[in-house]
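Reader: I've got a few "how do you know that" questions lined up. Could you put the structure up and take me through them?

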Amino acid sequence: MASTLSRTLEITVISGEDLRNDRRPIKKNAFVVVRTDPYNSRRTDMDTDGGSYPKWNEKLVVDLPMHAQFITLEVQCKTSLGDKTVGTARIPVSDFVGGYVPESYLHFLSYRLRDHNGERNGIVNISVRVKVPEYASCSRTELGIPMGMGVAWGQRNFGGGIVTGVPV
Amino acid sequence: MGNCCSDQAGGRAAVGGASSYNPNVPNEAIDQFLKSRGYNGLFSQIELSYSAADLRDRDVLSKSDPMLVVYTKGRDGVLEELGRTEVILNSLNPTWITKHTITYHFEIVQTLVFHAYDVDTQFHSVEVKMLKLDEQQFLGEATCALSEIVTKSNRSLTLDLVHREESTRSTCPRNIGKLTVRAEESLSSKTTTEMILRCSDLEYKDLFSKSDPFLIISKEVENGTPIPVCKTEVIKNDLKPTWKRVFLNIQQVGSKDSPLVIECFNFNSNGKHDLIGKIHKSLADLEKLHSSGQGENLFLPTLVGHDYHNKTLKSQLFVEKFSQSVEHTFLDYLAGGCELNFMVAIDFTASNGNPRLPDSLHYIDPSGRPNAYQRAIIEVGEVLQFYDSDKRFPAWGFGARPIDGPVSHCFNLNGSSHYCEVEGIQGIMMAYTSALLNVSLAGPTLFGPVITNAALIASQSLASGGRKYFVLLIITDGVVTDLQETKDALVKASDLPLSILIVGVGGADFKEMEILDADKGERLENSTGRVASRDIVQFVPFREVQSGEIAVVQALLAELPTQFLTYMRTRDIQPLSS
């Protein structure tokens, strides 16, 4: 029953804005690493011609553990000295899970990046959609309970699975 | 797609030119061009066509010979003739062939007035434009707002014709026929062409390296310099460049057959780019060039004696890709079942002054002259109400103590503890005046709760499968106290089908409001580093009573269709076909 312990996310890494490396705009070869937990990550291809305003438009499908409260986006840049982290954004799962909107709603989200000193860097733009199995999506709106925490959400989704077991 | 939700000004500055074409952000040259012709923001050309049924018979021996005169009515009530149809002989159920084009403006109420006449036989040799209308027999008149037609799913509206005298009397009008008006958006405004262009064998222009070519596509105009509509990026050091795709809206160039001039320049950092060669082609020609797979030679005007001769070059232009797509417009969405839902929140903080005193911003003048709050409600409401079919508007107040309770930062204006909706603009006005009597003004000025409530309604509508877009109007006299909470609420709301209009009344310093309006500065950021994914706030100060206030409201509303389209298009939401 792995599916009840994690949910599948479609994360489209759209673009970055005003990315800087030691105050200087990066020239090329930026890419993004999406981490759902310390051991699982996915990465985009490198952007070669967007400079400090790279565009990736790349969809990454990741599994998010039910207990996870954050995912991490790391913008890195390939340089002659190896890959360097430009900036990081920590994304609360509650930004795209819970609330009143339909579970499979396509969220457009943007985040401020911080470099390793905690200084403000550029912005990363993404879209996130929670992949919902067909049967679960209709039960969701009937419940209509406002949601805050990832843990509570897990219980509810589990409950939702049971409800939909009843023939409609 | 990515462009649509990113910082538009920043993106454009970074990439430059049309290589990052975004349908919502026309390039500056086009913007300039449109503004110089009086178009602002998003506009659509609408074609009006007309038919009538059961007209009165005014001729003795035959049926009426009807003609329709169409006017637009200004805010001052003055009629301006838009055009006349042809005269249709012997018909009480005419369908006129003449159509009129009008530019649709979202932000103003465009009132149309129709007068039907029976044109006597003796005038049939006269051109319709020359006819003296007072010599013709009047068959009836009708009036409506353009937005009433375009929000109909079949884009047509049937009106009862009334007689001029009857329209002022309140007696039941006699049946003197019906007029049907159809509004069709011209397809050209929706069609976008995508092309990939390349050149071969360009000439050397730089001394020590190959040329750095780029293209400028301009629209040729009669006796004038061509107007640039599109520009490619500069490709360094390349004599056979392939540029990134370029996008051209058919309306930008006029039509598919309008002559265009494509010029290839060598980039010079001093701004004096040298012309490598040029070519004259319409979009239709370019399409042919694409399907044939052939190139076409560029030429260069060269001075020979006193005249310019076109010297044909070895260089050729190729069209690697040519495709057309039709993009849904704001009006497509309206006709396709999308609605704008209007919500209002009114500032009841003590800084407005005691409502019983004439210097208060909330003073209700016994003479009936509306105060600043009432004016803002009426002027924004009268435009938006056409786009809201049930005309039930949530209305709140903030910053006051309702009937001896604690200060509330979001109370229902109608006094109910269960529901926040009121009926129509009149309902808002009544709820507002009665709230003034029932609450005591307090403070501070918090926007957070009102925005959160509006966001809640918007997300609940999504959950029930609604296709609605919400517009919250906040009218305030002062600076927000909870700037960070307001930003947090706005950042969260930027992911929802919601736009927020803020009107500042009174003489306070509204600098902080400008911060909320992202197109005047940086993108909004909340306390945890999440950034607004799009601009949803529009702020205007509403100070002057005498003049210019109409323009203020227009400026406030003008961005709404774009914000609406950004939301729909980035999510790939299609209008339902009607």
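Reader: What share of chain A counts as buried?

Author: Of the 168 residues of chain A, 49% do; buried means under 20% relative accessible area, with exposed over 50% and partly exposed in between (1.4 Å probe, protein chains only). In chain B, 52% of the 578 residues count as buried. Mind that this is a predicted model, where local features need pLDDT of at least 70, side-chain atom pairs count only at pLDDT 80 or more, and totals for chains, interfaces and linings use all residues. Residues are numbered from 1 along each chain as its sequence is written, chains are lettered from A and ligands numbered from 1 in the order in which they are written, and side-chain values use heavy atoms, with hydrogens and water left out.

Reader: Why is B:Cys144 called buried?

Author: Its relative accessibility is 3%, and the cut-off is under 20%, so B:Cys144 counts as buried. B:Cys338, at 4%, falls under that cut-off too, so it is also buried.

Reader: How many disulfides are there over all chains?

Author: The count is 0, where a disulfide is a pair of cysteine sulfur atoms within 2.5 Å.

Reader: What makes α8(B) roughly antiparallel to α9(B)?

Author: Helix α8 (residues 372-384) of chain B and helix α9 (residues 424-438) of chain B pack at about 165°, with axes 10 Å apart. Angles over 145 degrees count as roughly antiparallel (under 35 is roughly parallel, 65 to 115 roughly perpendicular, the rest oblique), so this pair is roughly antiparallel. The axes are lines fitted to C-alpha atoms, for helices over the stretch in contact, and angles run from 0 to 180 degrees between N-to-C directions.

Reader: Which residues of α8(B) and α9(B) meet?

Author: Among them are B:Tyr373, B:Ile377 and B:Gly381 in α8(B), and B:Ile425, B:Met429 and B:Tyr432 in α9(B); contact means heavy atoms within 4.5 Å.

Conventions. Helix = DSSP H or I, 4+ residues; strand = E, 2+ residues; numbered from the N terminus.
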